[in-house]
Amino acid sequence: MAEAFIVAAARTAGGKKGGRLSGWHPVDLAAQVLDALVDRSGIDPALVEDVIMGCVGQIGEQATDVARNAVLASKLPEHVPGTSVDRQCGSSQQAVHFAAQAVMSGTMDIVIAAGVESMSRVPMGSPTILAAKNGMGHYMSPGIRAKYPGPDFSQFIGAEMMVKKYGLDKADLDAYALSSHERAIAATKAGAFASEIVPVAVRRADGSNADELHTIDEGIRFDASLAGISAVKVLQEGGAITAANASQICDGAAGLMVVSEKALKQYNLKPIARIHNLTLIGHDPVIMLEAPLPATERALKKAGMKIDDIDLFEVNEAFASVPLAWLKALGADRDRMNVNGGAIALGHPLGGSGAKLMTTLVYALHTRGKRYGLQTMCEGGGQANVTILERL
């Protein structure tokens, strides 16, 4: 069977809402990553056959095929096409899957998979909220409501359901949140992110641009403490989820260049990882965030592997209850998961997160001299992607 290889991976450092990246048009921010991938791979940009880009808020500045627009704003020539993907939070992980499948099918040899989200400029939920306000209806159709008569699907409800189902409490979530910051702080101070991050100019929305480059994830709380995290109020009475033990709103972009074995040899490219397994499932849309658990089990079975065969895990920290439940269900080693922190500290730029996590995973495998890495994330509608990589 044909194989797919990663030859370059890059991401911007995350920006807080209204922060150091909020002045960037998301198309131009994504273009910075596309240019970095070309530079890092050393490939002739004219050889790129497609750009597949994940994005959740495909409206306003992120509308009208943000992938194609990012190509036009980049150093890629205009004959390079682009298409945009929405698999909710897993959008750019799915972009990697589509890129790998294109390469493995033999129909393409060089594809960029990427993702972008400016949550400062296109607020979360904009496509749904603005459509409803303008009389264009709601995605919950009569057919869906007949099957799921409860409230609208909600990630917040799902996160609380995970807390109860897996025997967790607020103290567990808060302790996990602190560890996410502590790991991100340690990684940043050790320079663990330096190679993966694309330095971009600081651009604030209010025009107060600093004459410096943005290279450190802005969401990390370097003074984080358990007392401070625990003091944050719950989002609903009697619940356990707070803003401190959930992922942060974030601006950012990330991407990977995926190529065939033929391209490796023909253009003398150096692979940094091989894509070992691609798995995707649909699951209960009400609890919604549980899908990574059975998806991981399926991926391991398909790959003929056990959980202990995997050296490093990236499990998106949409809410602390998700990775904690994942650990409990899979019996995985906490010391191998999100070793450089996760979205609670580093931010979750929605459609950009899949490529962001994969970039971090690839670099972490190299830094730590490990072989196999597994990435998964919960997604709207009760879905999950799983990707298993092998370091090369």
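Throughout these legends, buried means under 20% relative accessible area, exposed over 50% and partly exposed in between, with a 1.4 Å probe and protein chains only. Helices (H or I, at least four residues) and strands (E, at least two) are DSSP runs, numbered from the N terminus. The model is a predicted one, in which local features need pLDDT of at least 70 and side-chain atom pairs count only at pLDDT 80 or more, while totals for chains, interfaces and linings use all residues. Residues are numbered from 1 along each chain as its sequence is written, and side-chain values use heavy atoms, with hydrogens and water left out.

**View 1. An open sheet of nine strands with mixed pairing.**
Reading across the sheet, the order is S3-S2-S4-S7-S1-S8-S11-S10-S9. Strand S3 (82-85) and strand S9 (312-315) stand at the edges with a single partner strand each, so one side of each has no neighbour in the sheet. Neighbouring strands are turned by 25 degrees against each other on average, direction ignored; axes here are lines fitted to C-alpha atoms, for helices over the stretch in contact, and angles run from 0 to 180 degrees between N-to-C directions. Two strands pair if DSSP finds at least two bridges between them.

**View 2. Strand S11 and its neighbours, S8 and S10.**
S11 is mostly covered, with seven of its nine residues buried. S8 and S11 pair in the antiparallel sense over nine bridges, and Asn 277 stands opposite Ile 388 in S11. S10 and S11 pair in the antiparallel sense too, over eight bridges. Along this second pairing, Gly 373 has Leu 389 of S11 as its bridge partner, and Met 377 stands opposite Asn 385 in S11. The hairpin of S10 and S11 has three residues between the strands, and Gly 381 takes a positive phi near 85 degrees there.

**View 3. Strand S10, with eight of its eight residues buried.**
This strand is largely enclosed by the rest of the structure, because eight of its eight residues are buried. Tyr 372, Leu 374, Thr 376 and Cys 378 point one way from S10, while Gly 373, Gln 375, Met 377 and Glu 379 point the other way. S9 runs parallel to S10 and is joined to it by four bridges; Leu 312 stands opposite Gly 373 in S10.

**View 4. Helices H10 and H11.**
Helix H10 (residues 292-303) lies across strand S8 (273-282), strand S10 (372-379) and strand S11 (383-391), running at about 130 degrees to S8. Helix H11 (residues 321-330) is largely enclosed by the rest of the structure, because eight of its ten residues are buried. Among them are Trp 326, Leu 327 and Leu 330. The buried residues of H11 pack against helix H6 (155-165), helix H7 (170-189), H10, S9 and S10, where contact means heavy atoms within 4.5 Å. Just after H11, Gly 331 takes a positive phi of about 65 degrees.

**View 5. Leu 289, in the loop between S8 and H10.**
Leu 289 counts as buried because its relative accessibility is 3%. Leaving aside residues up to four places away in sequence, Leu 289 touches Gln 155, Gly 158, Ala 159, Met 162, Phe 319, Val 322 and Cys 378. The C-alpha atoms of Leu 289 and Ser 247 are separated by 13 Å, and these residues lie 42 apart along the chain.

**View 6. The largest pocket, with a volume of about 1,100 Å³.**
On a 1 Å grid over the protein atoms alone, a pocket is an open set of points with protein on both sides within 12 Å along at least five of seven lines, and lining residues have an atom within 4 Å of a point. Of the 41 residues that line the largest pocket, Gln 88, Met 124, Gly 125, Gln 155 and Phe 156 lie nearest its centre. Helix H4 (126-133), H6 and S10 are the elements that give two or more residues to this lining, and H4 gives the most, with four.

Conventions. 1 Å grid on protein atoms, 1.4 Å probe; cavity = no way out; pocket = protein on both sides within 12 Å on 5 of 7 lines; lining within 4 Å. Points joined across faces, edges and corners; volume = space filled by probe spheres on them.
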